[in-house]
Amino acid sequence: MSNIILRKRYEDNADFRLFVQILLIFVLSRIFLAVMVPVYNGIVGTQHSFSFLMNEWDAKRYHFIIENGYTFPLDTDPQANWAFFPLYSLVCMVFRVLTMGFVDTYWIGMIVSNICIFIAAFYGVKLIKIMGIIKGDEGILLAVLMLAGPYTFYCSSAYTEAMFIMFIVLFFYFAKKRRFMAAGFMSACASGTRIVGCTLVFALLIEMYIDFARNNSRSLWAFIKHLLSLPQKITAIFLCPFGTFAYMLFLWFFCGDVWAFKNVQIAWREDTFFPVIGVLLKACTGQIEPRYTYMGWICIAVLVLYGYMIYRKFYSMAVFGIIALLIPLTSHVMSTCRFIIGTFVVFVGLYDCLAGRRKWVRNLAVSVMAVWEVILVFMWYNSDCWLM
């Protein structure tokens, strides 16, 4: 009887059907990550655990912050942990308190990340339905890209990518539904997770303008007067960077420098290149480490994709994606691949490019990306990370 009820609910309830489909993709993608552990251990001759292999580099920083909070740097390690924004760590701290310390901190970080990316995939599909770009697959390809595409393994680690993606998805979901106050709140949360969350304010302004111009004059001055007459929309705009401003206020009390998160970046990036153009030129022509040549060309390809998204009139997403990529390119191409997937909008562009293609083209592209992800996961487990 219960099976009949579940089957009927699956057939009649679109949200429940979407939930089940995404849950299946999510489970399969996480089984793959788990299976890769014994495969890696067998090839390399190690006996590392899943949590050990999944949480390299910055995950160790978040682990320390979750357990100890922000601290002043040691003389032997100038990379102060206040470079890492607080919201993800705060949520993990709450989970740690609720579990009374019985759950390993790395597992807490991974649980939070996996919950966030699942929510993001669910609302991501609902978002593209609102946008009207769903093709014959009912948007499931987007969920596949978000849960099993290249570099998405970060969304299962104790990294901020999954939470940041979730807030961005919810921001655009509410903005497209013209619930601008809710969108502003999601931007505030995003800006408390990563600094580029602040730039969602430009996406919000674009969405507000598009909504205004739909039934009114396209005059920019008329739009400004319209905004000034509506305190709710002004409040939504000012909400966008609230998370970052709150963190800056904390830093002022903590270490006396509201820009401490920015000033400490020199501990990671000592090279000085001309912003964006110089960075990409040096990277793409092989004038710095070989791994950065790969990253440089990935950045070029993604900028082209954002140009395509402008052509497709996905203005707010494309503008956000471009700004979010140009910010790290002012200093280096380091980590730009995970920054790109962390903005979410690249998945929408890829979905729009692939979903309308012939089935064999779509399957080939997905297969290539799956192989790409397998290679990346193996390299991640190996701590080499030269493509990260």
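Predicted model: local features only at pLDDT ≥ 70, side-chain atom pairs only at ≥ 80, totals over all residues.

User: How many aromatic pairs does the structure hold, and what is the angle between the planes of Tyr70 and Tyr247?
Analyst: The structure holds 34 aromatic pairs. One of them joins Tyr70 and Tyr247, whose rings lie 5.6 Å apart from centre to centre and form a pair that is tilted. The angle between their planes is 40°.

User: How many residues apart in sequence are the parts that this pair ties together?
Analyst: Tyr70 is found in the loop between helix H4 (58-68) and helix H5 (87-98), whereas Tyr247 belongs to helix H13 (residues 242-255). Tyr70 counts as buried at 14% relative accessibility, and Tyr247 counts as buried at 2%. Because the two tyrosines sit in these separate elements, their pair ties together parts whose separation in sequence is 177 residues.

User: How many disulfides are there, by the rule used here?
Analyst: A disulfide requires two cysteine sulfur atoms within 2.5 Å. Cys92, which is buried with a relative accessible area of 0%, is in no disulfide, since the nearest cysteine sulfur, that of Cys116, is 8.3 Å away. Cys255, partly exposed at 26% relative accessible area, has a sulfur 17 Å from the closest cysteine sulfur, in Cys198, and that is too far for a bond. By this rule the count of disulfides is zero.

User: Is H10 roughly parallel or roughly antiparallel to H12?
Analyst: Helix H10 (residues 200-215) packs with helix H12 (residues 231-239) at an angle of about 155°, and their axes are 9 Å apart. H10 passes H12 in a right-handed crossing. Angles over 145 degrees fall in one class, and therefore H10 is, relative to H12, roughly antiparallel.

User: How many of the eleven residues of helix H19 are buried?
Analyst: Helix H19 (residues 345-355) is mostly covered. Its buried residues include Val345, Phe347, Tyr351 and Leu354, and Gly349 and Asp352 are also among them. Of the eleven residues in H19, the number buried is nine.

User: Over which ring does the charged end of Arg338 sit?
Analyst: Charged ends sit over rings at two places described here: that of Lys60 lies over the ring of Phe52, 5.7 Å from its centre. The charged end of Arg338 is likewise 5.7 Å from the centre of a ring, and the ring belongs to Tyr154.

How values were computed: Residues numbered from 1 in each chain as written. Heavy atoms only, no water. Buried < 20%, exposed > 50% of the residue type's maximum accessible area, 1.4 Å probe, protein only. Helix = DSSP H or I, 4+ residues; strand = E, 2+ residues; numbered from the N terminus. Phe/Tyr/Trp six-rings, centres within 6.5 Å; stacked < 30°, edge-to-face > 60°. Lys NZ or Arg CZ within 6 Å of the ring centre and 35° of its normal. Axes fitted to C-alpha atoms, helices over the stretch in contact; angles between N-to-C directions. Parallel < 35°, antiparallel > 145°, perpendicular 65-115°, else oblique. Left-handed = near helix turned anticlockwise from the far one by under 90°.
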